[in-house]
Amino acid sequence: MHKLMLALAATVAFAGSAFAEPVRISVGSYNLNNLPFPVASGLGLYEKEGLDVTVENFASGGSKTLQALVAGSTDIAVGFYDHTIQMQAQKKNVVGIVLLARNSGLVLAGGKNSTFDPAKPETIKGAKIGITAPGSSSDFFVRYYLQRHQLSADDVSLIGVGSGSAAVAALQQGKVDLLVNYDPAGTFIGAKGVGKILIDARSDDGAKEIYGGIYPTSVLYATQSYIDKNPETIQKVVNATVKALEWMNKSAPEEIVQKLPEAFISGDKETYIKAVANAKPIFSVDGRFNETEVETPLAVLKSFNDKVAATDIDLKKTYTNHFVDKAPHEGTN
């Protein structure tokens, strides 16, 4: 993991320049929902904006990244949009500044010995279910599924297994019966014969089946106080990220993978390219938040999160399109 952090940090360092502006960005995991961030780094877009980015990776999941952000040990986080809603319920102002992934990207996969049948939701009882981390969106996915089918989290065991190859290994080794995770794990499971996908929310139709709507996930977010104090820094970060999104939209999966640090790529490159191809439809093309689609995570959280349910959430305070609207939308050569 240390090598991975160094590899990504090297791609964003603006070495040797006395004028580079320092900014600390933390990322919750290297699942593909967060892919536009390392792509922007690999393209040198943060560097071109005059930023010296220090990257920290919390492989255990986005909840640790959120804690770092609120504690002030990082400036901007790559995490999931639903965390901004949770924070408002706790009277903390965390704001999404650019949307990376407009849809869930989650899959629920079963190991070879799994007895769970989605057509019979009650068969999930007793299952050991791997999630990225407690309090993560994969955790929400399971809880919402259970709630919708009149089941309880007490009916299963939820186990944090991280993402990527570690998550796949947990399923393969039988440490968990079911796995809720993102690509590249979703693609690896099928390609390596580890198990099979039972519920697929990577497509719009799949997300609507699970959540009742499109479920925006990965964003860059910061505290409102940091945004207020550092609007120029935020604008530079957003400018670079929007360019990365536009470049990804017009680029083939092979080209996207070529821009990534080698250490970022999980498993063999051929399968990883397939994973990028599978995940590509979830990415935002322009970084803008959709005021209708952000209502889906709120509905999900309200169903099982007492604090959110008891709070009059103002979604307009959980995201802003101000910086995206000011960013040049010209793509990247």
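I began with a bridge: I129 has L178 in β8 as its partner. Strand β6 (residues 128–131) pairs with β8 in the parallel sense over two bridges; strands count as paired if DSSP finds at least two bridges between them. Helices (H or I, at least four residues) and strands (E, at least two) are DSSP runs, numbered from the N terminus.

I noted that the model is predicted: local features need pLDDT of at least 70, side-chain atom pairs count only at pLDDT 80 or more, and totals for chains, interfaces and linings use all residues. Residues are numbered from 1 along each chain as its sequence is written, and side-chain values use heavy atoms, with hydrogens and water left out.

I then traced the open sheet, whose five strands run in the order β7-β6-β8-β5-β9 with mixed pairing. Its edge strands, β7 (157–160) and β9 (195–200), each pair on one side only.

I next looked up N181, which is found in strand β8 (residues 178–181). Is N181 buried or exposed? N181 has a relative accessible area of 1% and is therefore buried (under 20% is buried, over 50% exposed, partly exposed in between; 1.4 Å probe, protein chains only). A polar atom of the N181 side chain lies 3.0 Å from the backbone oxygen of G162. Beyond its neighbours within four places in sequence, N181 is in contact (heavy atoms within 4.5 Å) with residues including G105, T132 and A167.

Finally, I examined two helices: F141, Y144 and R148 in α6 meet E209, I210 and Y211 in α9.

Key:
Polar contact = N/O pair within 3.5 Å; in protein donor to acceptor, adjacent residues only side chain to side chain.
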